[in-house]
Amino acid sequence: MKILLIRLRQIGDVVFTTPAVHALRRQFPHAHLSYLVEPAAAPVVAHNPHLSQVIVAPRRSGLIGTLADLSLGRRLRRNDFDLVIDFHGGPRASLLAWLSGAPRRIGYDIPGRGWMYTDVVARPRELRPRHSVENQWDLLAPLGIGAPTPEGFPVEMLTGGDAEERVTRRLKAAGIAGQLIIVMHVSAGNPFRRWPVASFGEVAARLLADQSHRRIIVTSGPSEADAAARVVNDARLRLPALQQSHVEAWSDDFPLEDLRALSARAALYIGGDSGPMHVAATSDVPMVSLYGPTLPARSAPWRSHPERAVAVGVQDLACRPCDQRVCVTHDFRCLGRLEPAAVLAAAEFLLANERVH
């Protein structure tokens, strides 16, 4: 049996499909299981032990993109897939599912595109307080696969030896050996999910105050390298000279798989609800997750030991959650009003709990 899974676009959403990948492998142990993904999220599944093949489909615009997708569709059809599961449901994903020619195609019942599938699954349009892993798992119901649990099917991301070696070399070059590592990820895909630089800087400085055994590594995507540098500068201005080197930025040329490898070695991860946060969640690192327009009920770390993750957010906002298209208050208050003290308290709680264990 040959099965094709499709999940395009966002890193976090691909992470959220990995429990379903595991379940499919368990349900069909001898199947050839392929995953179609775009380049940014490809590292999430590149070393997944349950997959037989990863197909990377670059996203192109205009006529070139259309022709490339038609060519990809022909390639998929030649693979003679028996089953396609479209976890995305967007126009491109549904078209590729249809072009595959698979006799069975499972997807969401989306107006204008539901006809492209042989099995359609209802998906409410409103933002529900239900985890995204469960929402995507709904597509397995037609196959008779029961409900998931974080303990039985946690999110997964494995890294290759190269990532582990790169992180080891970088830690050694930075003189970090035997210290307690705190990863602070400061970038996000849109302004709704960006906590202010000064807030990150204050938390970093206070976590390092009188703690000579702690080191903070500030990470970001390449486009947010400036934000990472500003967080480091802000924190250093608050610290005595002897401790200023205890916080540094790792942002340029820092692949996603390296972030996963670094997170696995850290004593704490702090960051907003973004793809990198969900990558970190595939490790066992304790986490402080900052929630603005989104809800922990939808995107909290999906793994065993929930006590190792604390969600922090501003409560009682009538505009929360939102669709992240227009800020109705024009001030991004869902994160702007999140106090550093609340994040610091959650961080110290987790660090103290780790010492107890």
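Modeller: Helices (H or I, at least four residues) and strands (E, at least two) are DSSP runs, numbered from the N terminus. The model is predicted, so local features need pLDDT of at least 70 and side-chain atom pairs count only at pLDDT 80 or more, while totals for chains, interfaces and linings use all residues. Residues are numbered from 1 along each chain as its sequence is written, and side-chain values use heavy atoms, with hydrogens and water left out.

Colleague: Which residue takes a positive phi just after H4?

Modeller: Gly-101. Its phi is about 70 degrees.

Colleague: And which residues of H4 are buried?

Modeller: Arg-92, Ala-93, Ser-94, Leu-96, Ala-97 and Leu-99. Buried means under 20% relative accessible area, exposed means over 50%, and partly exposed is in between (1.4 Å probe, protein chains only).

Colleague: What do the buried residues of H4 pack against?

Modeller: Strands S1 (2-6), S2 (32-37), S4 (83-86) and S5, plus helix H3 (62-78). Contact means heavy atoms within 4.5 Å.

Colleague: Switching to rings. How many aromatic pairs are there?

Modeller: Five. Rings of Phe, Tyr and Trp (its six-membered ring) pair if their centres lie within 6.5 Å; planes under 30 degrees apart count as stacked, over 60 as edge-to-face, the rest as tilted. One of the five is Trp-98 with Trp-115. That pair is edge-to-face, 5.5 Å centre to centre, with 70 degrees between the planes.

Colleague: Why does the pair of Trp-98 and Trp-115 tie together parts apart in sequence?

Modeller: Because Trp-98 lies in helix H4 (residues 91-99) and Trp-115 in the loop between strands S5 (104-108) and S6 (119-121), the parts tied together are 17 residues apart in sequence.

Colleague: Is Trp-115 buried or exposed?

Modeller: Exposed, at 52% relative accessible area. Trp-98 is partly exposed, at 36%.

Colleague: What about Trp-250 and Phe-254?

Modeller: Their ring centres are 5.7 Å apart and their planes stand at 75 degrees, so that pair is edge-to-face. Both residues are buried.

Colleague: Which charged end sits over the ring of Tyr-108?

Modeller: That of Arg-123, 4.4 Å from the ring centre. The test is NZ of Lys or CZ of Arg within 6 Å of the ring centre and within 35 degrees of the ring normal. Lys-2 also lies over a ring face, that of Phe-81, at 5.7 Å from the centre.

Colleague: Zooming out, how many helices and strands are in the protein?

Modeller: There are 13 helices and 12 strands. Of the 357 residues, 54% count as buried. The C-alpha trace spans about 65 × 45 × 45 Å along its principal axes.
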